[in-house]
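User: I am new to this structure and would like to learn how to read it. Could you take me through it one feature at a time?

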Amino acid sequence: MGVLISLVKIFVKLALAGLVIMLLAVAGVYYTLAPQLPDVESLREVQFQTPMRIFSSDNKLIAEFGEKRRTPVSYDNIPTDLVRAFQAAEDSRFFEHIGIDFKGLSRAAFQLATTGHIQSGGSTITMQVAKNFFLSRERTFNRKFVEILLALRIERELTKEEIFELYINKIYLGQRAYGIEAAAGVYYGSSIQDLTLAQMATIAGLPKAPSTDNPIRNPQRAIERRNWILQRMHSLGYISDQAFEEASAAPSTARYHGADIELNAPYVAEMVRSELFERFDEELYNEGYRVYTTLDSKLQTKATLALQNGLLDYSTRHGYRGPESQLDTALTADAVAQKLESMTSYANLEPAIVTLVEDNSIQASLKSGETVTVDWNGLKWARKFLSNNAMGASPKKAADILSPGDIIRLYKNTENWTLSQLPQVQGAFVALDPKDGAIRALSGGFNFNLNKFNRATQAYRQPGSNFKPFIYAAALDNGFTPASLINDAPVVLQDASLEGDWRPQNYSEQFYGPTRLREGLFKSRNLVSIRLLRAVGIDTAIDYIKGFGFDPQRLPRNLSLSLGTADVTPLEIVTGYAALANGGYKVSSYFIQRIEDQHGNLLFQARPACADCSPSQDIESDTPTEPLSPSAPRIMDPRTAYLMYSMLQDVIRQGTATRARSLERADLAGKTGTTNDQKDAWFTGFNRDLVATAWVGFDQPAPLGRSEFGGTAALPIWIDFMETALDQAPENGPVQPDGIVRVKIDPATGMLAYPGQKNAIFEVFRAEDVPAISAQNSADSGQVSTDDIF
């Protein structure tokens, strides 16, 4: 007995000694590691890696750039059932323990010993926060001990709610989703507030194995994991019997949802990304910047659709080029479905495979597996394309157009399907506010996913007659008037830069003799423009024109400049026209309105120079204050700008753009443009509120066809856009400045008309430029009546 007592005493002493040694070791490790522990207080200032989001001026999401999809949420906005689902999955005693759950650790050890794996982890949510924010993933005793120490410190410094909020915003949940709000969007296309109990449990099951338990990649495993969590929630008393049964029986509804894009403007999104990358580098994708552009969602949507429709209309006018490819009709249904699945839909043009051809209709299979019928109304347009100037005979039956196995494109027009095709022709459209250059809409091509080249900003093309207004403006500011006569007659020019003799012609190949400037512009007479530029002087004209923002290095220093042989982009053209619309001020285009960080703090605010900015008034002191934006420089005499606006209105009233009269507005002005061999077609038009340009052409310059001009290929796109853009908007035409007079002139001579002259017409002049009465008219009438001057 005494021996036993002695042994017990020895054992107790050894145990105590061992405990003391262990405590000393733990204390030694603690005091060694404690000074090296990171500052837990930094968690209060943590910045989650969140993507850059780009918005329109009216807050429509355009794009999201960043490797990690994340939308941080506060604890107060997390549904209770979702909190409990994560507790059941990860740490049921989270709100009770001190950061270390000894009961949970014991349970995990027992599970490991009896089953060979751990079903409920030994790490608490607090320990996972410590690991996710501060530690590496190495599996060592030292790292685990540091994790425990950090968890204890985190619990001491932060509330449970703060810890949980950090956890659910940091965790990776598969499919590039970080945090519960991003996961709800990725898997269910909704916010956490709208999730069902089954969906919450599915998301709560993802931190353990975001790849293998992924409900998209492995729905069966995800359901098993979900149901285990639901069982835990039920056993812990978090949910009722009925809720448990209904959620456990719910089918998997997860599918991939991309970013919730509200506005299709990919060309502008890439412009933003490219510009800001120069400023922020890689942090652009992680710091949660919110970029607000100048785009108007209504105008952008219409611009995209108008350009697509215009290019499709051009493609239809020139015939059907045939199917994209042919499949062997003996292929299995799975092979056909696989082929369709590999094809992309562009601009509502759906890929399809012809399965049956009847006399006046076809049947085709879509990617969705649906079989649709295209009747004769959707087929009969498809004359065979031979060239841009020729088509084959009109088809008589469906077999003249298609065969079974053809891979085609279909477009649904209201309730009926129509045969279509991806256009080979391309285009661009830009609309901006002439008051300050804010881009309201921009599309750089038929479809960004088909071709990412941005023709609005990167395609340098010849503008043809679309450039003539700048030549005429230079002339008006150098002594000419709208009534000045220029001889529309043949000319042979010798210029070394033009490689020999140049014999320019009008498109009609006719010559019309002495022509007033106004008529020369609205009828787009080439010889008038050439002689006008020669009279003004090339150097004088270029010095004047570069004020509109054009690169002088791209302006040819010869008379071909008068016919638009400069290299310009659509954005440059429309920015130049802004000065014609706003009364003569030089504005610069811009597309980024402001940038905020993820907390809403303002990082950048645009202050564009604007036309005729007026100082705002201080309401209390009734004194002027500094305007929000600087005033744009004046580059034209306001009277010259008014005269140009008036002359360009006649392009629509009676010139090459009379189609635009369908808009039934008197405030519109503009100019068509077509280059040699119809390789480029343009129209740029405006009122004082909006200026827009449309360009159509092939990426590799080639003739559009003999019947294609600015007025047929580009103008309809502009009209389609403006019909929506100006709907319900009051007319806003030019405001006549001081020093402008309106008199009657003789249309043949450009001189003052004699009293009672029957063919006299009104013209506008600067007061000092009013012409005299011609000698002949003076002899006939003797005196000018004051009734003829207003």
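**Reading contacts, burial and pairs**

Analyst: Leaving aside neighbours within four places in sequence, Ser403 is in contact with Gln326, Val354 and Val357. The model is a predicted one.

User: Where does Ser403 lie, and is Ser403 buried, partly exposed or exposed?

Analyst: Ser403 is in the loop between strand 9 (390–391) and strand 10 (406–413). Its relative accessible area is 35%, so Ser403 is partly exposed. Sequence distance and distance in space can also be set side by side: Ser403 and Ile353 are 50 residues apart in sequence and 9.7 Å apart in space, C-alpha to C-alpha.

User: How many helices and strands does the protein have, and what share of its residues count as buried?

Analyst: There are 22 helices and 24 strands. Of the 790 residues, 50% count as buried. The accessible surface comes to about 36,700 Å², and carbon and sulfur atoms account for 50% of that surface. As for contacts between residues at least 6 apart in sequence, 68% join residues at least 24 apart.

User: How do I read a salt bridge?

Analyst: Side chains of opposite charge can pair when their charged atoms come close. The structure holds 29 salt bridges. In one of them, Glu768 pairs with Arg639, and the closest N and O atoms are 2.9 Å apart.

User: Are Glu768 and Arg639 buried or exposed?

Analyst: Glu768 has a relative accessible area of 52%, so Glu768 is exposed. Arg639, at 15%, falls under the 20% cut-off and therefore counts as buried. Helix 20, where Arg639 is placed, covers residues 638–654. Not counting residues up to four places away in sequence, Arg639 touches several residues, including Pro737, Asp738, Ile740 and Glu768.

User: Which residues are linked in a network of salt bridges?

Analyst: The network links Asp433, Lys435, Arg440 and Asp689. Within it, Arg440 forms a salt bridge with Asp433, with 3.7 Å between the closest N and O atoms. Arg440 is partly exposed at 21% relative accessibility, whereas Asp433 is buried at 9%. Elsewhere, Lys546 and Asp543 meet in a salt bridge, 3.7 Å from N to O. Lys546 is partly exposed at 42%, and Asp543 is partly exposed at 46%.

User: How many aromatic pairs are there, and why is the pair of Phe86 and Tyr167 edge-to-face?

Analyst: For ring pairs, look at the distance between centres and the angle between planes. The count here is 25 aromatic pairs. The ring centres of Phe86 and Tyr167 lie 6.0 Å apart and the planes stand at 90 degrees, so this pair is edge-to-face. Phe86 is in helix 2 (residues 80–90) and Tyr167 in helix 6 (residues 160–170), 81 residues apart, and the pair links distant parts of the chain. Phe86 is buried at 0% relative accessibility, and Tyr167 is buried at 1%. Tyr187 and Tyr188 form a tilted pair, 6.5 Å centre to centre with 55 degrees between the planes; both are buried.

User: Where does a charged end sit over a ring?

Analyst: Here the charge is placed relative to the centre of the ring. The charged end of Lys160 sits over the ring of Phe94, 4.6 Å from its centre. The charged end of Arg594 sits over the ring of Tyr292, 3.9 Å from its centre.

Notes:
Residues are numbered from 1 along each chain as its sequence is written. This is a predicted model: local features need pLDDT of at least 70, side-chain atom pairs count only at pLDDT 80 or more; totals for chains, interfaces and linings use all residues. Side-chain values use heavy atoms; hydrogens and water are left out. Rings of Phe, Tyr and Trp (its six-membered ring) pair if their centres lie within 6.5 Å; planes under 30 degrees apart count as stacked, over 60 as edge-to-face and the rest as tilted. Helices (H or I, at least four residues) and strands (E, at least two) are DSSP runs, numbered from the N terminus. Buried means under 20% relative accessible area, exposed over 50%, partly exposed in between (1.4 Å probe, protein chains only). A charge sits over a ring if NZ of Lys or CZ of Arg is within 6 Å of the ring centre and within 35 degrees of the ring normal. Contact means heavy atoms within 4.5 Å. Accessible areas come from the Shrake-Rupley method with a 1.4 Å probe; for residues, only the protein chains shown count as cover. A salt bridge is a side-chain nitrogen of Lys or Arg within 4 Å of a carboxyl oxygen of Asp or Glu.
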